[in-house]
Amino acid sequence: GDPNYCVGIAACRWDRSKRQMIPLGAVVLAPALDELFLVIEGSRPVVLKPSTGEIREIKPSKEIAPHRAVIATHISASHVTDMERFCGAVLWRLAGHTLRLKQKGCGILALTDIALGRHHGLVIPRTNYWDCLCGAIVLGNCLPTDDLVTDLQGVKWTPDSLKPQGIVVGCTKEVHQYLINLLATEFRDSI
């Protein structure tokens, strides 16, 4: 079967002064991959291999040239109408400007895969915050800066929006900016 499924739980609190949700932590279990991700806000995330009990800290990705990057994408099942526009406008351009393009079956695992260095970037044209929140918390705590998980316009992604929005992630500023620049032309208006 397809190993791209998981169960995730995230905890957030409402910050009245900032008027936004503040992530506190997340747990993601991917049983078919034998991986359990755990992060408490402000600490380094860890990944546990439940079958052996092995625990390792997740470290930030190393620098990589954007044209050598492996980029993932995920089309949410609840936003299938976006697939045709996304494939026609953006997908082929991404495939032509990166080393490899992967279609992921789960937004949360696409984000944790970046944390583990399995790929270097992610573009999701439209998703609900609850479909990616756990992965975004895990990833956000292992990236070198907190501005590498954004919406399609490059604005820091937050769980505050109840309306569907897109996500762009780069493991480094260079990869993130490369993806934002690819989307900045006429393609951004089509998704």
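## Exercises on a sheet and the helix across it

In this predicted model, S2 and S3 form a hairpin with four residues between them. In that turn, Asp34 has a positive phi of about 60 degrees.

**Exercise 1.** Find how S2 is joined to S3, and name the bridge partner of Val28 in S3.

*Solution.* Start with the pairing: S2 and S3 run antiparallel and are joined by six bridges. Then look across from Val28, and you meet Phe37 in S3.

**Exercise 2.** Now turn to S1 and S2: in which sense do they pair, and over how many bridges?

*Solution.* The sense is antiparallel, and there are nine bridges. As an example of residues facing each other, Val7 stands opposite Leu29 in S2. Next, follow the chain through the turn: S1 and S2 form a hairpin with four residues between them. Here Arg19 has a positive phi of about 55 degrees.

**Exercise 3.** Work out the strand order of the open sheet, and say which strands are at its edges.

*Solution.* Five strands make up the sheet, in the order S1-S2-S3-S4-S5, with antiparallel pairing. The edges are S1 and S5 (54–57), since each pairs on one side only. From one strand to the next, the twist averages 20 degrees. To check one step of the order, take S3 and S4 (residues 46–49): three bridges link them in the antiparallel sense.

**Exercise 4.** Decide whether helix H3 is mostly covered or mostly open, and find what its buried residues pack against.

*Solution.* Helix H3 spans residues 133–140, and seven of its eight residues are buried, so buried here means under 20% relative accessible area. The buried residues include Leu133, Ile137 and Leu139. They pack against S1, S2 and S3, and also against helix H2 (107–115), strand S9 (149–150) and strand S10 (165–170). As for direction, H3 lies across S1, S2 and S3 and runs at about 100 degrees to S2.

**Exercise 5.** Place Glu57 in the fold, then explain why Glu57 counts as partly exposed.

*Solution.* First the place: Glu57 is in strand S5. Then look at its surroundings: leaving aside residues up to four places away in sequence, Glu57 touches Arg44, Pro45 and Val46. Glu57 and Pro45 are 12 residues apart in sequence, with 6.1 Å from C-alpha to C-alpha.

How values were computed:
Residues are numbered from 1 along each chain as its sequence is written. This is a predicted model: local features need pLDDT of at least 70, side-chain atom pairs count only at pLDDT 80 or more; totals for chains, interfaces and linings use all residues. Side-chain values use heavy atoms; hydrogens and water are left out. Buried means under 20% relative accessible area, exposed over 50%, partly exposed in between (1.4 Å probe, protein chains only). Helices (H or I, at least four residues) and strands (E, at least two) are DSSP runs, numbered from the N terminus. Contact means heavy atoms within 4.5 Å. Two strands pair if DSSP finds at least two bridges between them. Axes are lines fitted to C-alpha atoms, for helices over the stretch in contact, and angles run from 0 to 180 degrees between N-to-C directions.
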